[in-house]
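Have the viewer open and follow along.

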Amino acid sequence: MTIYYFDHAASSWPKPPEVIKAMADCVELYGANPGRGGHRMAVQASKILFAARANLAKLFNIKNANDISFALNTTAALNQAISGFVQPNDHVISTSIEHNSVRRPLEYLKRTKQVEVTFLQTNEKGELDLDDIVQAIRPNTSLLICSHGSNLLGSIMPIADIAEICRKHGVKVLVDAAQTAGTYPIDVQAMGIDMLAFPGHKGLLGPQGTGGLYLAPDLVLEPHLHGGTGSQSESIEQPTVRPDRYEAGTPNTPGIAGLNEGVKLIMQTGVANIHHKEWQLSQQLLEGLQQIPGVKCFGPELGEPRSGIVSFLIEGVEASEAAFILDQSFQIAVRAGYHCTPLGHETAGTTDSGAVRSSVGFYTSKEDVDYFLSAIREISKHYVSK
Ligand SMILES: Cc1ncc(COP(=O)(O)O)c(C=O)c1O
């Protein structure tokens with residue numbers, strides 16, 4: 001049965017054959033513990049981590065690959081960055097499109113460390129007035145956290161402009177690249193990013209259980225996890241050396257072996273090419289949906305910057321019901337309901353309804369989008385009153 005997969009914003013699928021093979025090879029041929037032994041299998045496992053780190057560094061224009069630490073997912077990377085950087089009584093600025101993986105750690109710090117937080121309101125398309133950042137900065141503002149791409153609206157934040165403002169005021173910038181890593185060009189040096197949290201399992205085409213955090217060289221964070229690193233074992237303290245400081249415990253070596261292949265494929269294809277293709281597909285989706293009676297789309301207008309996400313509602317059909325029909329009658333996978341972003345839903349005006357989120361990916365074709373639109377047309381014919 002053909003599945004039409006439009007849920008890439010949650011996790012990309014299918015994974016490239018190279019990714020699957022690299023994972024299987026790792027488990028079958030050299031699945032030893034990296035950094036914890038001198039034998040040939042342990043060395044080979046260490047080498048694959050080294051290669052993946054080096055390729056990620058190339059992709060994001062990071063000078064020193066050891067400034068990247070691997071994490072289970074974006075959430076783990078964000079938690080390391082937020083809890084490790086923010087000090088009691090600090091002020092943090094964020095936005096009204098953030099995912100719960102930013103919002104909840106910040107709410108926790110508000111309750112437990114008297115941290116002050118300002119969520120800057122964007123307009124309903126996800127656009128931020130950059131003057132609001134300057135207005136919000138206080139003497140104790142230490143950090144601004146911003147999603148590069150909204151997971152509901154598909155909007156893109158002008159990270160370089162935001163970071164420039166922050167740099168002038170001595171405020172560090174943490175970027176949540178969950179929706180853009182691998183699908184939108186990211187250059188941490190040119191964009192002035194101090195910390196970058198990214199998933200391995202979405203646009204980078206790796207498996208679930210992978211992700212990472214880039215930390216600028218001048219930052220020293222409190223580690224989120226303490227434990228064995230295979231280095232400085234005689235010390236009772238977490239090592240200061242990177243990436244060990246932020247990588248306690250056995251890593252997901254098979255997953256990272258797969259991620260490495262995903263990153264290589266992304267670089268061979270070119271992020272700008274991937275973005276261009278996904279942008280065209282999102283425009284085809286948006287334009288098609290806007291022509292269907294009873295369909296309301298959210299986020300940027302046609303022709304404006306956007307990731308591969310298009311969220312919408314069909315009049316008279318609950319978001320979850322639409323997703324159920326798409327799955328059962330059309331073999332189309334989407335995500336529906338609330339997308340871990342109550343702030344984003346308030347911003348889009350969909351707090352009561354949720355939304356259907358379609359998202360394209362590396363293997364999505366024009367024909368897939370045609371099929372998707374024909375399914376929505378069918379649903380509209382049956383449900384939308386004339
Ligand atoms: C904007 C954003 N941030 C963070 C996350 C959390 O990502 P992960 O599932 O990799 O922890 C997501 C997941 O969809 C997201 O869309």
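Let's begin with a charged pair: Lys21 and Asp25 form a salt bridge, with N and O 2.7 Å apart. Keep in mind that this is a predicted model. Both residues belong to helix 1 (residues 17–29), where they sit four residues apart, about one turn of the helix. Asp25, at 22% relative accessibility, is partly exposed.

**More salt bridges**

The structure has 13 salt bridges in total.

| Pair | N to O distance |
|---|---|
| Lys21 and Asp25 | 2.7 Å |
| Glu164 and Lys168 | 3.8 Å |
| Lys172 and Asp218 | 2.9 Å |
| Glu304 and Lys125 | 3.1 Å |

Glu164 is partly exposed, at 38% relative accessible area, while Lys168 is exposed at 65%.

Lys172 and Asp218 make a salt bridge of another kind, with 2.9 Å between the closest N and O atoms. This pair links distant parts of the chain, 46 residues apart: Lys172 is in strand 6 (residues 172–176), and Asp218 is in the loop between strand 8 and helix 8. Lys172 is partly exposed, with a relative accessible area of 23%, whereas Asp218 is exposed at 51%.

Salt bridges can also join up, and Arg103, Glu107 and Lys110 are linked in a network of them.

**A buried threonine**

Thr229 is located in the loop between strand 8 (211–215) and helix 8 (253–269). Is Thr229 buried or exposed? Its relative accessibility is 10%, and since buried means under 20%, Thr229 counts as buried. Which residues is Thr229 in contact with, leaving aside neighbours within four places in sequence? They are Arg36, Gln238, Pro239, Asp244, Glu247 and Ala248.

Zooming out, the protein chain is divided into domain 1 (4–13 + 271–383) and domain 2 (17–269). Their contact takes 35 residues from domain 1 and 35 residues from domain 2. The C-alpha centres of the two domains lie 27 Å apart.

About 2900 Å² is buried between domain 1 and domain 2, and carbon and sulfur atoms give 57% of that area. On the domain 1 side, Val271, Leu343 and Thr347 supply 23% of the area buried against domain 2, more than any other three residues.

How many salt bridges does the rule find across the interface of domain 1 and domain 2? The answer is one. If you want a charged pair to look up, Glu304 and Lys125 form a salt bridge, at 3.1 Å between the closest N and O atoms. There are also 17 residue pairs in polar contact across the interface of domain 1 and domain 2. The elements giving two or more residues to the side of domain 1 that touches domain 2 are helix 9 (271–290), strand 10 (309–314), helix 11 (342–348) and strand 13 (355–359). Sorted by class, that side of domain 1 has 16 nonpolar, 14 polar and five charged residues.

How values were computed. Residues numbered from 1 in each chain as written. Predicted model: local features only at pLDDT ≥ 70, side-chain atom pairs only at ≥ 80, totals over all residues. Heavy atoms only, no water. Domains from an automatic or database assignment. Contact = heavy atoms within 4.5 Å. Buried area = accessible area lost by both parts, 1.4 Å probe. Salt bridge = Lys/Arg side-chain N within 4 Å of Asp/Glu carboxyl O. Polar contact = N/O pair within 3.5 Å; in protein donor to acceptor, adjacent residues only side chain to side chain. Nonpolar A, V, L, I, M, F, W, Y, C, P; charged D, E, K, R; others polar. Buried < 20%, exposed > 50% of the residue type's maximum accessible area, 1.4 Å probe, protein only.
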